[in-house]
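Keep the viewer open as you read.

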Amino acid sequence: MEKMNDKLQNTAKELLENKEVNLIIGFTKGSNPLRMRSVFITDPNDVSKLSFNAHCVQDLAVFLKKPEVKKFGKIGLVVKGCDEKAVNTLIQEYQLSRDNIKIIGVECRGAVKQNLADKGEDSVKQSTVYDKCLVCEVHTPLLYDYLVESDEPAFEINGDIKPYAKIEELDAMSVEDRNMFWQKEFEKCIKCYACRQACPLCYCTRCIVEKNTPQWIETNIEETGNAQWNMIRAYHLSGRCIGCGECERACPVNIPLMLVNEKMARDVFEKFGYKSGVDINAKPVFGTFDANDFNEFIK
Ligand code: SF4
Ligand code: SF4
Ligand code: SF4
């Protein structure tokens, strides 16, 4: 069978040579093989730079919102299952035309946590992967134009795994204690907005935090404004967040943002039976209504 990286490179070369895309966005080796970074390729002779392994954690769909990328028109994107949900959501929200994207799906066995990779850890197993990989339902993207299969075997999950277990712990707390927990976490926020920049679905051309007539959110680092910023961002992502975990990975002060995102996603599924980014033909859950809704005000 053709090796994974050969197939990836051949697919990209063909797409560029046939002018089906003007730009390929994928992964390449970073400062060491355990640190992969994004790469932008326009020349078919450069496709040998493309590579994929368990350290390709970044959600490359984040680049699709950038004007510098949009100007290329037709784009080929290397996409893991979780990233594909971001692509799907962008299509659902009319931010991306399906005709302008070639999805090069890669079968992903799991992403090794960056801090462990920095310590030289290379193997994909239960103890080394991100929480999102333990609940992953999409190791193979559901929607793709090309599929590059993995050379690696799937890792096994043993025992009763409870990713994001802290959510249940928080749910069981009193409102006061839960509030205290989040107050302490949000106190750490330095308003760097890295979470927003890393998010493929935070694409507003002017973010509410930058509006100052009136100033809705305090831009200084202080208690109320910090909480407002984090809660407003969470609400703006509710029913949309696809759980890629990039915001939490980008946060320099380690605020556990995925606890908020995952909790929101679970509530949206429980109340509306909706999972973000799974179906490009589905109406976004908060972009539609049902005349039979149990709430009177909707009628
Ligand atoms: S969530 Fe799934 S697709 Fe995404 S990195 Fe983890 S294993 Fe791969
Ligand atoms: S809020 Fe975080 S987890 Fe959700 S889509 Fe944005 S970066 Fe990914
Ligand atoms: S990345 Fe972290 S510190 Fe920066 S604005 Fe977001 S939550 Fe605050």
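## Ligand 2

Which helices each supply at least two residues of the shell around ligand 2? They are H9, H10 and H11; helices here are DSSP runs (H or I, at least four residues) and strands are E runs of at least two, numbered from the N terminus. Please bear in mind that this is a predicted model, in which local features need pLDDT of at least 70 and side-chain atom pairs count only at pLDDT 80 or more, while totals for chains, interfaces and linings use all residues. Residues are numbered from 1 along each chain as its sequence is written, chains are lettered from A and ligands numbered from 1 in the order in which they are written, and side-chain values use heavy atoms, with hydrogens and water left out.

Ligand 2 is surrounded by 13 residues, where a residue counts as near if one of its heavy atoms lies within 4 Å. The closest are Cys199, Cys241, Cys244, Gly245 and Cys247. Sorted by class, this shell has eight nonpolar, three polar and two charged residues. Ala, Val, Leu, Ile, Met, Phe, Trp, Tyr, Cys and Pro count as nonpolar, Asp, Glu, Lys and Arg as charged, and the others, Gly among them, as polar.

## Ligand 3

Around ligand 3 there are 13 residues, the closest being Cys189, Cys192, Tyr193, Cys195 and Cys251. Helix H8 (194–198) and helix H9 (223–237) are the elements that give two or more residues to this shell. Its classes are 11 nonpolar, one polar and one charged.

You will find cysteine 251 in the loop between helix H10 (246–250) and H11. Cysteine 251 counts as buried because its relative accessible area is 10%; buried means under 20%, exposed over 50% and partly exposed in between, using a 1.4 Å probe and protein chains only.

## Ligand 1 and its pocket

Ligand 1 sits in the largest pocket, meaning that more than half of its atoms lie within 2 Å of the pocket's grid points. A pocket is an open set of points on a 1 Å grid over the protein atoms alone, where a 1.4 Å probe fits, with protein on both sides within 12 Å along at least five of seven lines; lining residues have an atom within 4 Å of a point. The volume of this pocket is about 650 Å³, taken as the space filled by probe spheres set on points joined across faces, edges and corners.

The lining has 29 residues, with Lys85, Val135, Glu137, Ile242 and Glu262 nearest the centre. H3, H5 and helix H11 (257–272) each give two or more residues, and the largest share, seven, comes from H11. Domain 1 (4–148) and domain 2 (166–287) each contribute at least three; these bounds come from an automatic or database domain assignment.

The residues around ligand 1 include Lys80, Cys82, Cys108, Cys133 and His139. Cysteine 108 is in the loop between strand E4 (101–106) and helix H4 (114–118), and it is buried, with a relative accessible area of 10%.

## Two tyrosines to check

Tyrosine 94 has a positive phi of about 60 degrees, and tyrosine 164 has one of about 55 degrees. Most residues other than glycine have a negative phi. Tyrosine 94 counts as exposed because its relative accessibility is 71%, whereas tyrosine 164 is buried at 10%.
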